[in-house]
Amino acid sequence: MVGKRKIPGIKNYRGPAGGWGALKATATAVREQMETIKAPLTLLRTNQPDGFDCPGCAWPDKEHRSTFQFCENGAKAVTWEATSKRVRPDFFESHTVTSLLEHSDYELENLGRLTHPLAYDKETDTFRAIEWQDAFHRIGEILRELPPDAVEFYTSGRASNEAAFLYQLFAREYGTNNFPDCSNMCHEATSVGLPRSIGIGKGTVSLDDFDECELIIAIGHNPGTNHPRMMGTLHEASRRKVPIMVFNPLRERALERFADPQNMIEMATYGSTRIASSYFQVKAGGDAAAIKGIMKSLLEMEESVGDVLDHDFINRHTVGFDELVDDLAATKWSDIEAVSGIGRSDLEMVAAAYAKSSATIVSYGMGVTQHNQGTANVRLICDLLMLRGNFGKPGAGICPLRGHSNVQGNRTVGITERPDASFLENLEHVFGFEAPKKQGHDAVQAMQSMVRRDSKALFCLGGNFAVALPDPAQSYQAMRALDLSVHVATKLNRSHLLVGKETYLFPCLGRTEQDIQRSGPQSVTVEDSMSMVHASAGKLQPASEHLKSEPAIVAGIAANALPESNVPWNDLVADYDNIRDLIEKTIPGFDDYNDRIRVPGGFRMPLPPTERKWETPSGKAEFYVFDGLRADKKVHGDDVLRLVTIRSHDQYNTTIYAMDDRYRGVFGRRDVLFMSKSDLQDRGLQQGDLVNIETVSDGEALHYDGLTAIEYSIAPGTIAAYYPEANRLVPLDYIDKDSGTPSYKSIPVRVRRAGESTA
């Protein structure tokens, strides 16, 4: 995969994804983070009916009699949270915030679990322990003095339904819809695009559909790293001879070969299973062109041989078909090939396989959504599926691969800056206050407001807000100018150290830990990426007796900030059944909530498209026309490349577990730039050369200097570097205008040998 010149930390990885390498990595994570006696029992409770939901990815649980329901990266997430390492107040006495900022992101989180509530002391430049009630009282005082729209309420996708519902209730009674959240930075194009096409912002497939499908088209995702439990599903599909057609700029080992650690024969024989039956290395930003090419081929096949399109579905269930046909007819094959980087014959081959399949699933990830045309990409996938009626039948549908374990559930219970009128009406009816109607801020808008100094306070329910966003030069400075920042977390991260005038750091219970409230042990609930809602109950002793649950922290601040509130905050936290009763009264689909989560596996939220019901303005599924192949005006010049940011295999979102990226052959380092052989040659470079990158932008020049170029199997015209380090190259306003999602996967840049001018 990589070139021949020897570079420190760079070597070929020849094995499959999974297999013995995954088991060894799991053992290493256990050894470094947990007591070896406690670890096996903890891991075996992961994703079990009477255990806790993995704090990692949102892939659903498979109902089979497997030995375990966790993967390598899930084990890393669990051991990272359940670590025996502790960061107590005495640590901060000898470590100033300024000195801690010199640590890497990996080093900060690897310090261990936070144990006490902390407040920043400017005089000593340290965090100091504070009593919970003193902190809640002071935060309440500050919030009562601020205009509600000057406060930003950020949410990480790991927050439970109960915590997220209380959080949105608090913020809306306070008076704002400012809900920047992690979905804004990953799958907001899904949340915006799918409702316009099919009437709901969620995927439509279940795990059972993967057992019945005849074709899987996988676009823009790397499941071996970002949602590894999906690999078991793909492994099963491949072994029953289902074609899996992959579109991705990089060759990813998990999409090529996988050895299932639960398959005794593969493990004993060191064998593996081929995953992708066909692999197409689409250029970054070329997804729309590729999808249009497949659809254009389908229409040409319909003209020549007939019986390709599902005309009954199109006529009965859709609008806009004729406009789509006209646009595809006007789109030139030469443009499709140039923009996608894929030849016509290959796209025709995909179309032929699709025409042959009576049940097709299209799965996609952030390689589709994190573009300045991300919403268009999502809607075009819907177009492709609608042409052959692949909604509302077994084995078919759309499968957006959301990352964090409850990012979808957060949205379901109200974490959105764009609430619909019916939700607000229900909220007002149940709780008796006037909910704010003005659209709030998404993540980028929140940071832009902070940069302008319009927003004065930030409350982060988990996450690593500033590090996850583009343009750290602006974002970090804006964080430091806040009047108030409040962070709820299990571990220390860089955003916590970007202290404002007053900063509070609150340690919370992890997903793996017992949550004991006044009425006894509590369960929380989460919603996976296939709309299944189920209970999660931690079993471990908390890392400290001073921890509070996320619902308790939210309620504690709300009770102090809203002294006249009619919401019984303390009673709700005493028994989470009370919170779920209110969710049931407020949000459709949660009927008999408390009863249904006590059934192993939980229940599925309503998905009208699976019944061919379309909650769109027209009452039908709506075809979308992506006019021609619009070029990005910021991209010009023959030497301009498209940079995509990627996660390493030892990473989950901004959390870096270690410094290796095993499947890509990178060990002990992250300062590398993946380039194709032809792009290296065109610039007179070879593997191992130091290079500088500059963003092609009309605004302030953004640079990332001193990376080591390595040769990799990646689409020509596309290069890749690690996230979040490469966020310094993403302008804060370089977004998908429909969804507000930053364009982390299509940054126009120039690359030069270090020391050469990029002018």
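Two strands pair if DSSP finds at least two bridges between them. In this predicted model, strand β7 (residues 215-219) and strand β8 (residues 244-247) meet that condition with four bridges, and they run in the parallel sense.

**Helix α12**

Helix α12 (residues 230-239) is mostly covered, with seven of its 10 residues buried. The buried residues are M230, M231, T233, L234, H235, A237 and S238. After the helix comes K241, which has a positive phi near 70°.

In soluble globular proteins, nonpolar side chains tend to be buried together. Here the largest nonpolar core holds 63 residues, and those touching the most other members are L143, F153, F170, F506, I557 and W569. Helix α8 (residues 161-174) gives the most to this core, with nine residues. A second, separate core has 53 residues, including L194, L380, I381 and F623.

Leaving aside residues up to four places away in sequence, F170 touches L143, F153, F459, V554, I557, A558, A561, L562 and W569.

A search of the whole structure finds 30 aromatic pairs.

| Pair | Arrangement | Centre to centre | Angle between planes |
|---|---|---|---|
| F170 and Y174 | tilted | 6.3 Å | 50° |
| F170 and F459 | edge-to-face | 6.5 Å | 65° |

F170 and Y174 are separated by about one helical turn because they are four residues apart in helix α8. F459 lies in strand β15 (residues 457-461) and F170 in helix α8, so their pair ties together parts that are 289 residues apart in sequence. F170 and Y174 are buried, and F459 is buried as well. One aromatic cluster is formed by F153, Y167, F170, Y174, F179 and F459.

**Charges over rings**

The charged end of R251 sits over the ring of Y279, 4.3 Å from the ring centre. R596 likewise has its charged end over the ring of F603, 3.8 Å from the centre.

Methods. Residues numbered from 1 in each chain as written. Predicted model: local features only at pLDDT ≥ 70, side-chain atom pairs only at ≥ 80, totals over all residues. Heavy atoms only, no water. Core = buried A, V, L, I, M, F, W, Y, C linked by side-chain atoms within 4.5 Å. Buried < 20%, exposed > 50% of the residue type's maximum accessible area, 1.4 Å probe, protein only. Helix = DSSP H or I, 4+ residues; strand = E, 2+ residues; numbered from the N terminus. Contact = heavy atoms within 4.5 Å. Phe/Tyr/Trp six-rings, centres within 6.5 Å; stacked < 30°, edge-to-face > 60°. Lys NZ or Arg CZ within 6 Å of the ring centre and 35° of its normal.
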